[in-house]
Amino acid sequence: RQYPQHEFIVQSSSDRAFSDKEYRILGIDVVEDVSHCDVLFGVKEIDIEHLIAGKTYFCFSHTAKKQPHNQIPFKKSSDLGITLIDYEYLVKDSIRVIAFGYWAGIVGAYNALIGYGKLTNSFELKPAHKCTDLQEVKRDLAKVYLTEPVRIVLTGEGRVASGAIEILNVAGIAGVEPEDFPDTYQKNVYCQIGPQHYTIHKEGETFDFDEFVHHPEEFKSAFFQYASRANVFIACHFWDNRSPIFFTREQMLKPDFNLKLIADISCDINGPIPSTIRASSISSPFYGYDVFNGKETEPFISDKITVMAVDNLPGELPRDSSGDFGEKLAGVVIPELLSGRKSEIIDNATILKKGKLTDKFSYMNNYLAGKSDS
C-alpha cells in the first residue's frame, strides 16, 4: 500500500512460520518462481544452487569475517554478478537495524530454565518451539518452582542480555548487583556482568571500555570469582577471538568451580568457554560435558556440566522474531532502498556490488579469490 508502483511477492513455503494462506488472505501474491524479482530478501545464506545471476540479495551472509564454509558460495555470487547486502552491517545512528539478539536472549534464558528444571527435577517447561508465541512462553514460566536455589551469572549488556533478563524477571528470579552476588547463597538470584567485571587489565590499569574494544588482548579473565559462586551461567556476551577466554578446562577441575549448567547463547565453538564443543539443535538442545576428559556425555548427570548451545535460538519463536524482523525491514530498510537517492545505510552494508567487492570490504580480496590468509 505504501509503494503501489512496486510489486512485493512471497515465495511459497511449506515450513515457514507464516503460511502461504496467511499471505494470500492479505492479497499478497505467493509464487514458486522468484527469478523475475530484482531484490530478494532472505534470512540465512542462500544455497549456492539457488543463486540467480545479477540479482540483489539481502541476507546474513556470514562472509565478512572470511568464514571458510561460505568461501565457495561467496565466489559464486561474485561470478554471477550479484549485489550482496548483509543485514549485520545495516546501521542507523550507530545501532544495528536488523538483529535477532533479543529473541536469542529470550529463548536462551528460557532453555536455561528448562535445563535447570530437569537438572534438579523441580519443574518441567514446554519447549519454546512448541509454544505459539512469547506470551505462551511467559505463561509457562508460572511452572517454575525451585526446590534448590538457582544462582545465575549472566554475561553481556546488549540486546541478547536484555531478552534473557526479561525471562528471568518473569520467572521471579531477582537481579542483584555484582558486588552483592557473593552473599546470596540461599536466594534465587541472577547477576548481570559486563567486561568491566569479568576482565581486568594485564597491567592493573583502570578498565576502559574503548581500550577493551580495540585491544582486548591487553586484558585477562576475572570470571572465576563468579564461576565459583553461580551454579548457572547464561552467556550473552560478544566475544572477539583476541579477548581472554572466560576460564580454562583446568580451572573447571578445581573443587570450587560451581557451574552445573552453561547456556551458551553466544555459542562460540571451541572459544572462550571450553565446554562449548559443538552447537546443539532446537530438537535436542542439551548435551553433557566431562571436564576430566573434555568429551561429550549425556546431559543432566550430577558430576558433569550440562550445556545448551543452540545457534539458531530465534527459530524457536519464529512468528515473534519474524514479525520484529519484518517491522525493521518495512520501517527502515525498504524506505532506504526505494528512496531513489544514495543511501549510506545500504551502501555500508553492501559487500558485493554487481559481483565486485566494495571499498569497505576490499580486505576480502584473498577470500574472494579462494585463498587462505594463513
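Contact here means heavy atoms within 4.5 Å. Keep in mind that this is a predicted model, where local features need pLDDT of at least 70, side-chain atom pairs count only at pLDDT 80 or more, and totals for chains, interfaces and linings use all residues. Residues are numbered from 1 along each chain as its sequence is written, and side-chain values use heavy atoms, with hydrogens and water left out.

**Exercise 1.** Work out where serine 243 sits, whether serine 243 is buried or exposed, and which residues serine 243 is in contact with beyond its neighbours within four places in sequence.

*Solution.* 
- Start with the place: serine 243 is in the loop between strand 13 (232-235) and helix 9 (249-252). Helices (H or I, at least four residues) and strands (E, at least two) are DSSP runs, numbered from the N terminus.
- Next, the accessibility: serine 243 comes out at 10%, so it counts as buried. The cut-offs are under 20% relative accessible area for buried, over 50% for exposed, and partly exposed in between (1.4 Å probe, protein chains only).
- Finally, the partners: setting aside neighbours within four places in sequence, serine 243 touches Phe212 and Pro216.

**Exercise 2.** Find which residue pairs with arginine 242 in a salt bridge, and say which parts of the chain the pair links.

*Solution.* 
- Grab the rule: a salt bridge is a side-chain nitrogen of Lys or Arg within 4 Å of a carboxyl oxygen of Asp or Glu. In general, side chains of opposite charge can pair when their charged atoms come close.
- Apply it: arginine 242 pairs with glutamate 217, with the closest N and O atoms 3.8 Å apart.
- Check the cover: arginine 242 is partly exposed at 40%, and glutamate 217 is partly exposed at 29%.
- Widen the view: Glu217, Asp240 and Arg242 are linked in a network of salt bridges.

**Exercise 3.** Explain why the salt bridge between lysine 126 and glutamate 136 ties together parts that are apart in sequence.

*Solution.* 
- Look at the pair: the side chains of lysine 126 and glutamate 136 meet at 2.5 Å, N to O.
- Compare the cover: lysine 126 is partly exposed at 30%, whereas glutamate 136 is buried at 15%.
- For the overall tally, the count comes to 13 salt bridges.
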